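Colleague: Could you take me through one part of this model closely, namely the way its nonpolar residues gather, and then what lies around them?

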Amino acid sequence: MSRSTTTAIDIAVVGGGPAGLTAALYAGRNRLTTILFEPKEPGGQLLNTELIEDYPGVASVLGVDLAAVMAQQAQAFGAVFVREGITSVERLDSGRIALIDERGTSYEAGAVILTAGGNPRKLGVVGEEEFAGRGVSYCAVCDGAFFRGKDLIVVGGGDAALEEGVYLTRYANSVKIVHRRDTFRAQEVLVEAARKHPKVQFQLGTTVEQITGDGAVTGVVLRDAVTGATSEAPTGGVFIFVGFTPNTGLLKGHVQHDSAGFYVTDARTMMTSVPGVFAAGDVRSQLTRQITTAVGDATTAAIAATKWVEERSGQPAESATTAQSALPAQTPGFSA
(Lines give C-alpha, C1' and ligand atoms only; values in the text may rest on other atoms or scores of the structure.)
Protein backbone atom coordinates (compact mmCIF):
# COMPACT_ATOMS: atom_id res chain seq x y z
CA MET A 1 0.00 0.00 0.00
CA SER A 2 1.42 3.36 -1.02
CA ARG A 3 1.46 5.92 1.78
CA SER A 4 1.16 8.75 -0.77
CA THR A 5 -2.37 7.58 -1.66
CA THR A 6 -3.45 6.57 1.81
CA THR A 7 -5.50 8.74 4.18
CA ALA A 8 -4.18 8.47 7.74
CA ILE A 9 -6.75 8.78 10.54
CA ASP A 10 -7.02 7.94 14.21
CA ILE A 11 -10.12 5.75 14.34
CA ALA A 12 -12.19 4.07 11.63
CA VAL A 13 -15.70 2.89 12.46
CA VAL A 14 -17.08 0.28 10.07
CA GLY A 15 -20.88 0.22 10.12
CA GLY A 16 -23.50 2.87 10.81
CA GLY A 17 -26.02 1.21 13.11
CA PRO A 18 -26.54 2.21 16.76
CA ALA A 19 -23.15 0.78 17.75
CA GLY A 20 -21.30 2.53 14.94
CA LEU A 21 -23.02 5.87 15.54
CA THR A 22 -22.21 5.67 19.25
CA ALA A 23 -18.59 4.74 18.60
CA ALA A 24 -18.24 7.65 16.18
CA LEU A 25 -19.82 10.02 18.73
CA TYR A 26 -17.40 9.05 21.50
CA ALA A 27 -14.35 8.98 19.24
CA GLY A 28 -15.27 12.43 17.95
CA ARG A 29 -15.83 13.76 21.48
CA ASN A 30 -12.37 12.44 22.34
CA ARG A 31 -11.02 14.74 19.60
CA LEU A 32 -9.72 11.94 17.42
CA THR A 33 -10.00 12.13 13.66
CA THR A 34 -12.76 9.65 12.99
CA ILE A 35 -14.41 8.29 9.86
CA LEU A 36 -17.58 6.22 9.92
CA PHE A 37 -18.02 4.04 6.82
CA GLU A 38 -21.58 3.05 5.93
CA PRO A 39 -22.82 2.34 2.39
CA LYS A 40 -26.47 3.07 3.26
CA GLU A 41 -28.30 5.63 5.34
CA PRO A 42 -27.10 5.64 8.96
CA GLY A 43 -29.22 3.72 11.42
CA GLY A 44 -28.81 0.04 10.58
CA GLN A 45 -31.60 -2.07 12.08
CA LEU A 46 -33.16 1.09 13.56
CA LEU A 47 -34.44 1.86 10.08
CA ASN A 48 -36.34 -1.46 10.08
CA THR A 49 -38.02 -0.79 13.43
CA GLU A 50 -41.08 1.42 13.27
CA LEU A 51 -41.49 2.30 16.93
CA ILE A 52 -38.99 1.93 19.79
CA GLU A 53 -40.33 1.88 23.34
CA ASP A 54 -37.49 0.17 25.23
CA TYR A 55 -34.73 2.78 25.00
CA PRO A 56 -34.22 4.15 28.51
CA GLY A 57 -35.29 7.75 28.99
CA VAL A 58 -37.26 7.82 25.74
CA ALA A 59 -40.91 6.83 26.13
CA SER A 60 -41.48 6.25 22.44
CA VAL A 61 -39.55 7.14 19.29
CA LEU A 62 -39.61 6.16 15.63
CA GLY A 63 -36.58 4.13 14.59
CA VAL A 64 -35.76 6.56 11.78
CA ASP A 65 -35.95 9.51 14.16
CA LEU A 66 -33.60 7.93 16.70
CA ALA A 67 -31.17 7.11 13.89
CA ALA A 68 -31.28 10.71 12.67
CA VAL A 69 -30.53 12.17 16.11
CA MET A 70 -27.68 9.71 16.74
CA ALA A 71 -26.12 10.55 13.37
CA GLN A 72 -26.42 14.30 13.98
CA GLN A 73 -24.74 13.96 17.38
CA ALA A 74 -21.77 12.05 15.94
CA GLN A 75 -21.31 14.56 13.13
CA ALA A 76 -21.64 17.50 15.52
CA PHE A 77 -18.57 16.23 17.38
CA GLY A 78 -16.50 15.95 14.22
CA ALA A 79 -16.99 12.40 12.99
CA VAL A 80 -16.92 12.27 9.20
CA PHE A 81 -19.39 10.00 7.44
CA VAL A 82 -18.33 8.36 4.19
CA ARG A 83 -21.03 6.58 2.24
CA GLU A 84 -18.92 3.62 1.18
CA GLY A 85 -18.66 0.08 2.41
CA ILE A 86 -15.35 -1.38 3.51
CA THR A 87 -14.13 -4.43 1.62
CA SER A 88 -10.95 -5.22 3.56
CA VAL A 89 -9.49 -4.67 7.03
CA GLU A 90 -5.93 -5.81 7.71
CA ARG A 91 -3.39 -5.24 10.48
CA LEU A 92 -0.04 -4.05 9.14
CA ASP A 93 3.41 -4.91 10.46
CA SER A 94 3.58 -1.37 11.83
CA GLY A 95 0.60 -2.11 14.08
CA ARG A 96 -1.69 0.27 12.21
CA ILE A 97 -4.82 -1.00 10.48
CA ALA A 98 -5.28 -0.78 6.71
CA LEU A 99 -8.75 -0.42 5.21
CA ILE A 100 -9.94 -0.36 1.60
CA ASP A 101 -13.37 0.90 0.65
CA GLU A 102 -15.59 -0.10 -2.27
CA ARG A 103 -14.03 2.56 -4.51
CA GLY A 104 -10.55 1.22 -3.82
CA THR A 105 -9.60 4.17 -1.61
CA SER A 106 -7.03 3.25 1.05
CA TYR A 107 -6.96 4.35 4.67
CA GLU A 108 -4.71 3.69 7.64
CA ALA A 109 -6.10 3.95 11.15
CA GLY A 110 -4.59 3.72 14.59
CA ALA A 111 -7.58 1.62 15.61
CA VAL A 112 -10.69 0.19 13.99
CA ILE A 113 -14.08 -0.42 15.58
CA LEU A 114 -16.11 -3.03 13.70
CA THR A 115 -19.84 -2.45 14.07
CA ALA A 116 -21.13 -3.83 10.77
CA GLY A 117 -23.71 -5.95 12.61
CA GLY A 118 -25.51 -8.59 10.67
CA ASN A 119 -28.92 -9.60 9.47
CA PRO A 120 -31.62 -12.03 10.55
CA ARG A 121 -31.88 -14.90 8.12
CA LYS A 122 -34.98 -14.70 5.98
CA LEU A 123 -37.40 -17.43 5.03
CA GLY A 124 -37.45 -16.18 1.46
CA VAL A 125 -41.19 -16.71 1.03
CA VAL A 126 -43.80 -14.58 -0.70
CA GLY A 127 -45.07 -11.81 1.58
CA GLU A 128 -42.05 -11.73 3.91
CA GLU A 129 -40.54 -8.57 2.47
CA GLU A 130 -43.92 -6.99 1.73
CA PHE A 131 -45.09 -7.25 5.34
CA ALA A 132 -41.77 -6.59 7.10
CA GLY A 133 -42.61 -4.14 9.89
CA ARG A 134 -46.33 -4.71 9.27
CA GLY A 135 -46.78 -8.02 11.00
CA VAL A 136 -43.49 -9.72 10.11
CA SER A 137 -40.82 -9.31 12.79
CA TYR A 138 -37.44 -10.75 13.71
CA CYS A 139 -37.32 -9.46 17.30
CA ALA A 140 -39.85 -10.36 20.00
CA VAL A 141 -38.33 -8.03 22.59
CA CYS A 142 -38.45 -5.12 20.13
CA ASP A 143 -41.94 -5.65 18.75
CA GLY A 144 -43.87 -7.99 21.03
CA ALA A 145 -45.82 -5.23 22.76
CA PHE A 146 -47.42 -4.25 19.46
CA PHE A 147 -49.18 -7.63 19.24
CA ARG A 148 -51.28 -7.60 22.39
CA GLY A 149 -54.22 -9.99 22.22
CA LYS A 150 -53.24 -11.48 18.87
CA ASP A 151 -52.69 -15.08 17.79
CA LEU A 152 -49.10 -15.29 16.62
CA ILE A 153 -46.90 -17.68 14.68
CA VAL A 154 -43.22 -18.16 15.50
CA VAL A 155 -41.05 -19.84 12.87
CA GLY A 156 -37.94 -21.76 13.91
CA GLY A 157 -36.66 -24.62 16.03
CA GLY A 158 -33.59 -23.29 17.84
CA ASP A 159 -33.06 -21.60 21.19
CA ALA A 160 -34.15 -18.20 19.89
CA ALA A 161 -37.46 -19.48 18.52
CA LEU A 162 -38.38 -21.21 21.80
CA GLU A 163 -37.21 -18.38 24.06
CA GLU A 164 -38.83 -15.66 21.97
CA GLY A 165 -41.99 -17.70 21.56
CA VAL A 166 -42.44 -17.96 25.33
CA TYR A 167 -41.57 -14.28 25.69
CA LEU A 168 -44.38 -13.35 23.29
CA THR A 169 -46.97 -15.05 25.51
CA ARG A 170 -46.91 -12.04 27.83
CA TYR A 171 -48.61 -10.09 25.04
CA ALA A 172 -50.23 -12.60 22.69
CA ASN A 173 -53.46 -14.51 23.04
CA SER A 174 -51.68 -17.60 21.68
CA VAL A 175 -48.34 -18.53 20.11
CA LYS A 176 -47.91 -21.35 17.63
CA ILE A 177 -44.32 -22.44 17.02
CA VAL A 178 -43.91 -23.81 13.49
CA HIS A 179 -40.79 -25.87 12.73
CA ARG A 180 -39.86 -27.69 9.55
CA ARG A 181 -38.45 -30.73 11.37
CA ASP A 182 -40.17 -33.13 13.76
CA THR A 183 -37.71 -32.35 16.57
CA PHE A 184 -36.31 -29.10 17.90
CA ARG A 185 -32.67 -28.05 17.89
CA ALA A 186 -33.22 -25.97 21.01
CA GLN A 187 -32.07 -26.97 24.47
CA GLU A 188 -34.46 -29.41 26.09
CA VAL A 189 -35.08 -27.10 29.04
CA LEU A 190 -36.38 -24.46 26.63
CA VAL A 191 -38.54 -26.98 24.79
CA GLU A 192 -40.07 -28.14 28.07
CA ALA A 193 -40.76 -24.58 29.21
CA ALA A 194 -42.61 -23.90 25.95
CA ARG A 195 -44.42 -27.24 26.05
CA LYS A 196 -45.77 -26.54 29.53
CA HIS A 197 -46.96 -23.04 28.74
CA PRO A 198 -50.74 -22.90 28.27
CA LYS A 199 -50.52 -20.31 25.48
CA VAL A 200 -47.95 -22.18 23.37
CA GLN A 201 -48.76 -24.72 20.66
CA PHE A 202 -46.36 -26.68 18.42
CA GLN A 203 -46.77 -27.52 14.76
CA LEU A 204 -43.81 -29.65 13.69
CA GLY A 205 -42.90 -31.04 10.30
CA THR A 206 -44.35 -27.92 8.74
CA THR A 207 -43.00 -25.06 6.65
CA VAL A 208 -44.34 -21.58 6.00
CA GLU A 209 -44.90 -21.23 2.27
CA GLN A 210 -46.42 -17.75 2.11
CA ILE A 211 -47.36 -14.84 4.34
CA THR A 212 -50.63 -13.20 3.42
CA GLY A 213 -52.43 -10.01 4.34
CA ASP A 214 -54.03 -6.77 3.30
CA GLY A 215 -51.87 -3.88 4.44
CA ALA A 216 -50.80 -6.01 7.42
CA VAL A 217 -50.36 -9.73 8.07
CA THR A 218 -53.60 -11.70 8.38
CA GLY A 219 -52.45 -15.28 7.75
CA VAL A 220 -49.93 -17.80 6.48
CA VAL A 221 -49.95 -20.72 4.08
CA LEU A 222 -48.45 -23.83 5.71
CA ARG A 223 -47.16 -26.99 4.03
CA ASP A 224 -46.89 -30.41 5.63
CA ALA A 225 -43.31 -31.59 5.12
CA VAL A 226 -44.39 -35.24 4.72
CA THR A 227 -47.61 -35.13 2.69
CA GLY A 228 -47.02 -31.83 0.90
CA ALA A 229 -50.57 -30.74 1.69
CA THR A 230 -51.12 -27.04 2.25
CA SER A 231 -53.43 -25.25 4.64
CA GLU A 232 -54.13 -21.67 5.64
CA ALA A 233 -53.85 -20.40 9.19
CA PRO A 234 -55.01 -16.97 10.36
CA THR A 235 -52.52 -14.97 12.41
CA GLY A 236 -51.95 -11.45 13.60
CA GLY A 237 -48.18 -11.65 13.19
CA VAL A 238 -45.25 -13.81 12.16
CA PHE A 239 -42.00 -13.84 14.14
CA ILE A 240 -39.09 -15.43 12.28
CA PHE A 241 -36.12 -16.93 14.15
CA VAL A 242 -34.17 -19.09 11.72
CA GLY A 243 -30.72 -17.67 12.41
CA PHE A 244 -28.64 -14.50 12.26
CA THR A 245 -25.71 -13.89 9.93
CA PRO A 246 -23.00 -11.58 11.32
CA ASN A 247 -20.95 -9.42 8.96
CA THR A 248 -17.61 -10.75 10.12
CA GLY A 249 -15.86 -11.45 6.83
CA LEU A 250 -13.98 -8.15 6.46
CA LEU A 251 -11.03 -8.76 8.77
CA LYS A 252 -8.12 -10.52 7.08
CA GLY A 253 -6.01 -13.04 8.92
CA HIS A 254 -6.90 -15.18 11.92
CA VAL A 255 -9.41 -13.67 14.35
CA GLN A 256 -11.24 -15.48 17.11
CA HIS A 257 -14.94 -16.21 16.50
CA ASP A 258 -17.52 -18.20 18.40
CA SER A 259 -19.23 -21.23 16.87
CA ALA A 260 -21.86 -19.02 15.20
CA GLY A 261 -19.30 -16.74 13.55
CA PHE A 262 -19.49 -13.74 15.91
CA TYR A 263 -16.33 -11.94 17.04
CA VAL A 264 -15.09 -12.90 20.48
CA THR A 265 -13.89 -9.80 22.33
CA ASP A 266 -12.27 -8.89 25.61
CA ALA A 267 -15.17 -7.98 27.89
CA ARG A 268 -13.33 -5.02 29.43
CA THR A 269 -12.18 -3.33 26.21
CA MET A 270 -14.16 -4.92 23.35
CA MET A 271 -10.87 -5.67 21.55
CA THR A 272 -10.85 -8.70 19.27
CA SER A 273 -7.94 -11.13 19.11
CA VAL A 274 -6.36 -8.76 16.55
CA PRO A 275 -4.59 -5.92 18.41
CA GLY A 276 -6.08 -2.53 17.58
CA VAL A 277 -9.30 -3.98 16.17
CA PHE A 278 -12.38 -3.64 18.37
CA ALA A 279 -15.93 -4.90 17.85
CA ALA A 280 -19.29 -3.74 19.18
CA GLY A 281 -22.98 -4.41 18.70
CA ASP A 282 -24.56 -7.28 16.82
CA VAL A 283 -21.27 -8.42 15.30
CA ARG A 284 -19.93 -9.36 18.76
CA SER A 285 -20.53 -12.64 20.60
CA GLN A 286 -22.92 -11.88 23.46
CA LEU A 287 -26.13 -12.98 25.15
CA THR A 288 -28.55 -10.46 23.69
CA ARG A 289 -28.71 -7.99 20.81
CA GLN A 290 -30.54 -4.81 21.72
CA ILE A 291 -30.00 -1.11 21.02
CA THR A 292 -28.94 -0.66 24.63
CA THR A 293 -26.28 -3.37 24.47
CA ALA A 294 -25.03 -2.02 21.14
CA VAL A 295 -24.49 1.49 22.46
CA GLY A 296 -22.95 0.17 25.67
CA ASP A 297 -20.48 -2.01 23.75
CA ALA A 298 -19.62 0.88 21.47
CA THR A 299 -19.00 3.31 24.32
CA THR A 300 -16.50 0.90 25.84
CA ALA A 301 -14.90 0.18 22.46
CA ALA A 302 -14.47 3.88 21.61
CA ILE A 303 -12.92 4.74 24.96
CA ALA A 304 -10.61 1.73 24.79
CA ALA A 305 -9.68 2.55 21.18
CA THR A 306 -8.88 6.13 22.21
CA LYS A 307 -6.49 4.90 24.90
CA TRP A 308 -4.97 2.47 22.41
CA VAL A 309 -4.26 5.25 19.90
CA GLU A 310 -2.94 7.67 22.53
CA GLU A 311 -0.60 5.13 24.08
CA ARG A 312 0.94 4.39 20.69
CA SER A 313 1.27 8.02 19.69
CA GLY A 314 2.77 9.01 23.03
CA GLN A 315 0.50 12.07 23.09
CA PRO A 316 -2.95 12.93 24.42
CA ALA A 317 -5.72 12.93 21.86
CA GLU A 318 -5.82 16.75 21.61
CA SER A 319 -2.21 16.78 20.35
CA ALA A 320 -2.31 13.54 18.41
CA THR A 321 -5.31 14.54 16.32
CA THR A 322 -4.65 15.01 12.64
CA ALA A 323 -5.89 18.29 11.21
CA GLN A 324 -9.59 18.08 10.36
CA SER A 325 -8.80 19.28 6.84
CA ALA A 326 -6.94 16.04 6.20
CA LEU A 327 -10.17 14.09 6.39
CA PRO A 328 -12.31 13.53 3.30
CA ALA A 329 -15.37 15.72 3.03
CA GLN A 330 -18.70 14.45 4.27
CA THR A 331 -20.33 12.44 1.51
CA PRO A 332 -22.78 14.74 -0.31
CA GLY A 333 -26.32 14.08 0.82
CA PHE A 334 -25.15 11.72 3.54
CA SER A 335 -26.61 13.32 6.59
CA ALA A 336 -29.38 12.32 8.90
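Modeller: In the largest nonpolar core, which has 36 residues, the members that touch the most others are I11, L46, L66, F81, A111, I113 and F278. A nonpolar core here is a set of buried Ala, Val, Leu, Ile, Met, Phe, Trp, Tyr and Cys residues joined through side-chain atoms within 4.5 Å, and buried means under 20% relative accessible area, with exposed over 50% and partly exposed in between (1.4 Å probe, protein chains only). Please keep in mind that this is a predicted model, in which local features need pLDDT of at least 70 and side-chain atom pairs count only at pLDDT 80 or more, while totals for chains, interfaces and linings use all residues. Residues are numbered from 1 along each chain as its sequence is written, and side-chain values use heavy atoms, with hydrogens and water left out.

The elements that give two or more residues to this core are β1 (6-14), α1 (18-29), α2 (63-76), β8 (106-114) and α6 (291-313), where helices (H or I, at least four residues) and strands (E, at least two) are DSSP runs numbered from the N terminus. Of these, α6 provides the largest share, 10 residues. If residues up to four places away in sequence are not counted, I11 has contacts that include A27, L32, I35, A111, I113, A305 and V309, contact meaning heavy atoms within 4.5 Å. A second, separate core has 23 residues, among them I86, V89, A109 and L250. In soluble globular proteins, nonpolar side chains tend to be buried together.

Because F244 lies in strand β18 (residues 244-246) and F262 in the loop between β18 and β19 (277-279), the pair ties together parts that are 18 residues apart in sequence. Finally, the charged end of R289 sits over the ring of F262, 3.9 Å from its centre, the rule being that NZ of Lys or CZ of Arg is within 6 Å of the ring centre and within 35 degrees of the ring normal.
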